[in-house]
Amino acid sequence: MTKPSCMPPDNNTRTPHFVAPPNSCDAHCHVFGPHAQFPYAETATYWPPDAGKDALKRVHDKLGIERAVLVQASCHGRDNRAMMDAIASSNGAYRGVCMADDTFTDNDFQDLHEGGVRGIRFNFVTHLGGAPNLEMMARVLERVKQYGWHLVIHVNAEDIIKYEDFFNRIDMTIVVDHMGRVPTSEGVGQQAYQILLEFMRRESWWVKVCGSERIAMAPPFYDAVPYAQGLVEVAPDRVLWGTDYPHPNIKKHMPNDADLLDLVPLIARDEATQKKILVDNPARLYGFDD
């Protein structure tokens with residue numbers, strides 16, 4: 001059985017101009033396979049080129065990134081083994097965000113927590129299958145609250161509008177992937193971005209200023225910077241940064257990850273805020289030791 005693939009990442013990572021502070025964290029990245037060891041889900045909409053833990057480590061070493069949060073991607077579905085294997089081999093440098101449903105047992109969730117998982121992700125984006133069953137999602141969230149986990153939502157701009165009331169009813173910390181995937185072509189006044197800013201005024205909401213290559217119109221992705229700046233201005237203590245390596249389902253402009261790290265000093269102009277986004281905020285949310 002085969003599935004559509006996607007573009008491979010640019011593994012010729014250059015040395016970034018920006019020097020990341022010690023203990024910087026890539027708070028949104030993935031491991032894919034290797035497929036022979038960790039097969040992709042038959043229900044996935046795509047099977048990407050392999051990009052396992054060794055490839056991720058090479059990218060981070062080049063960027064000067066010491067910590068990471070591995071986010072379970074839909075190509076592996078609810079089989080979190082590749083992510084858990086990478087966390088186990090990281091010597092405490094990695095944490096995880098799993099995918100799960102209500103078929104998971106209490107022991108399953110306990111094992112994930114003990115293995116370094118600190119959040120659970122639900123996809124709403126259409127090209128990955130669309131929104132989950134909301135009743136099932138609510139049941140699962142109630143079960144994982146005991147671990148102190150947070151919810152990660154992967155949404156498109158239209159989902160922020162459509163599910164605003166549903167998200168408002170969730171009583172736990174929520175982290176938004178990729179700035180809500182609000183397209184820069186629609187301007188900062190667009191409804192979805194304004195709702196996201198309103199969400200971020202609440203202490204329970206966080207956002208990742210990653211995915212610039214997804215919302216911008218073209219490299220070097222500078223048109224994403226005002227959107228990230230606006231989010232940082234509202235909640236500098238609840239913003240995370242990530243590469244999104246290995247960048248699944250990019251249609252046109254595959255980024256070099258150094259280009260994305262070099263956006264950080266444009267997004268956050270002073271060293272104190274840069275350290276918050278890269279070090280302090282992820283350490284607080286994911287429990288990294290100093």
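Mentor: Let us begin with strands. Helices (H or I, at least four residues) and strands (E, at least two) are DSSP runs, numbered from the N terminus, and two strands pair if DSSP finds at least two bridges between them. The model here is predicted: local features need pLDDT of at least 70, side-chain atom pairs count only at pLDDT 80 or more, and totals for chains, interfaces and linings use all residues. Residues are numbered from 1 along each chain as its sequence is written, and side-chain values use heavy atoms, with hydrogens and water left out.

Trainee: Which residue of S2 is the bridge partner of cysteine 29?

Mentor: Cysteine 29 is partnered by leucine 70 in S2. Strand S2 (residues 67–71) runs parallel to S1, and 3 bridges join the two.

Trainee: What is the order of the strands in the open sheet?

Mentor: The 8 strands follow the order S1-S2-S3-S4-S5-S6-S7-S8, with parallel pairing. At the edges lie strand S1 (25–29) and strand S8 (239–240), each of which pairs on one side only. Within this sheet, 5 bridges link S4 and S5 in the parallel sense; in one of these strands, S5, isoleucine 153 is the bridge partner of phenylalanine 122.

Trainee: How many residues of strand S5 are buried?

Mentor: Buried means under 20% relative accessible area, exposed over 50%, and partly exposed in between (1.4 Å probe, protein chains only). In strand S5 (residues 150–154), 5 of the 5 residues are buried, so the strand is largely enclosed by the rest of the structure. In a regular strand the side chains alternate between the two faces of the sheet. Both faces of S5 are covered, with His150, Val152 and His154 buried on one side and Leu151 and Ile153 buried on the other.

Trainee: Is glycine 129 buried or exposed?

Mentor: Glycine 129 is exposed, at a relative accessible area of 60%. The loop between strand S4 (117–123) and helix H4 (134–144) holds glycine 129. From glycine 129 to threonine 43 the separation is 86 residues in sequence and 9.3 Å in space, C-alpha to C-alpha.

Trainee: At what angle do helix H7 and helix H9 pack?

Mentor: Axes are lines fitted to C-alpha atoms, for helices over the stretch in contact, and angles run from 0 to 180 degrees between N-to-C directions. Helix H7 (residues 191–200) and helix H9 (residues 225–234) pack at about 25 degrees, with their axes 9 Å apart. Angles under 35 degrees count as roughly parallel, over 145 as roughly antiparallel, 65 to 115 as roughly perpendicular and the rest as oblique; H7 and H9 are therefore roughly parallel to each other.
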